[in-house]
Amino acid sequence: MQITKRNIELRVDDSLMRVYVVTPKPDGVYPGIVFYSDIYQLGSPIIRLANYLAGYGYVVAAPEIFHRTEPVGFVIEPDDLGRMRGNDNARRTKIAEYDADTRAAIEFLKTESSVAEDKIGAMGFCIGGHLAFRAAFEKEIKATVCCYPTGVPSGKLGQGVADTIKRVNEIQGEMLIVFGTQDRHTPEGDRQTLAQALEQGSIAHQIFLYEAEHTFMRDDGYRYDSAATTSAWSQIIPFFNRVFNN
């Protein structure tokens with residue numbers, strides 16, 4: 001399916017939040033997905049992932065997660081300095097500010113004529129996987145995909161300690177989580193803690209493990225694993241399609 005691309009601005013707490021929006025080209029009404037990047041923001045690898053999902057019949061809205069601390073349109077380089085910069089941005093952002101951004105993105109999707117108001121989901125990578133997990137607390141979110149989400153058991157997300165793991169019972173939709181077994185940022189203990197929390201909360205969920213490293217779905221780095229990425233998408237797309245009857 002062909003897609004159209006545009007950038008819009010949303011004002012959140014008097015900060016301009018750029019949102020990259022990808023829409024299927026054929027006229028129609030589609031599910032909407034709030035799509036969260038990793039700490040490097042909306043660079044080419046994340047844009048390609050957003051475009052890929054949109055091509056399956058989804059309106060994808062990807063906000064710049066560090067709009068309060070970085071210039072509009074700024075992409076952080078995925079190197080040592082970039083990692084430090086991204087992590088510093090994360091530490092300087094309040095948990096409540098991340099949540100406010102999520103609400104703004106959801107409200108935007110609900111006003112889009114190309115989005116079915118009752119079919120909204122979330123997806124994210126790394127820190128964005130954690131943000132997607134928190135998005136699942138919102139009543140509108142029917143399906144959530146978290147790709148190697150970091151910091152969920154520990155509460156490491158931004159300024160202060162996130163209460164994410166304590167709020168699992170607030171999730172009303174379904175969850176799909178992707179992990180790499182060689183990912184030092186999501187060790188086995190964290191994966192088990194997250195799985196147990198979902199089970200104890202009776203949350204409908206699926207967890208898929210791949211013999212891969214952190215950020216294995218980014219196609220610009222040495223950790224990229226095309227086979228694992230293809231396999232992950234082969235679970236993600238049917239998951240969204242089933243939940244949204246797409």
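A: We begin with a cut-off: a residue counts as buried when its relative accessible area is under 20%. The model shown here is predicted, and with that cut-off the buried residues of helix H1 are Pro 45, Ile 46, Ile 47, Leu 49, Ala 50, Asn 51, Leu 53 and Ala 54.

Q: Why can helix H1 be called largely enclosed, and what covers its buried residues?

A: Eight of the eleven residues of H1, which spans residues 44–54, are buried, so the helix is largely enclosed by the rest of the structure. The cover over these buried residues includes strands E1, E2, E3, E4 and E5, together with helix H6.

Q: How should I read the two faces of a strand, and which residues of E4 lie on each side?

A: In a regular strand the side chains alternate between the two faces of the sheet. In E4, Val 59, Ala 61 and Pro 63 lie on one side and Val 60 and Ala 62 on the other, and all of them are buried, which leaves both faces covered.

Q: In which sense does E4 pair with E2, and in which with E3?

A: E2 and E4 are antiparallel, with four bridges between them, and Tyr 20 stands opposite Ala 62. E3 and E4, by contrast, run parallel and are joined by three bridges, with Gly 32 opposite Val 59. Between E3 and E4 the chain passes through H1, and this β-α-β crossover is right-handed.

Q: What should I look for in the nonpolar cores, and which residues have the most contacts inside the largest one?

A: In soluble globular proteins, nonpolar side chains tend to be buried together. Here the largest nonpolar core has 48 residues, and Phe 133, Ile 171 and Leu 198 are those with the most contacts inside it; helix H3 gives the most to this core, with seven residues. Apart from it lies another core, of 36 residues, including Val 22, Ile 47, Phe 125 and Ala 228.

Q: Is Glu 70 buried or exposed, and which side chains make polar contacts with it?

A: Glu 70, in the loop between strand E4 and helix H2, is buried, because its relative accessible area is 8%, below the 20% cut-off. Its side chain makes a polar contact of 2.7 Å with the side chain of Arg 85, and another, also of 2.7 Å, with that of Asn 89. Leaving out residues up to four places away in sequence, Glu 70 touches Gln 41, Ile 76, Arg 85 and Asn 89.

How values were computed
Residues numbered from 1 in each chain as written. Predicted model: local features only at pLDDT ≥ 70, side-chain atom pairs only at ≥ 80, totals over all residues. Heavy atoms only, no water. Buried < 20%, exposed > 50% of the residue type's maximum accessible area, 1.4 Å probe, protein only. Polar contact = N/O pair within 3.5 Å; in protein donor to acceptor, adjacent residues only side chain to side chain. Contact = heavy atoms within 4.5 Å. Core = buried A, V, L, I, M, F, W, Y, C linked by side-chain atoms within 4.5 Å. Pairing = 2+ DSSP bridges. Right-handed = clockwise from strand over helix to strand, strands pointing away.
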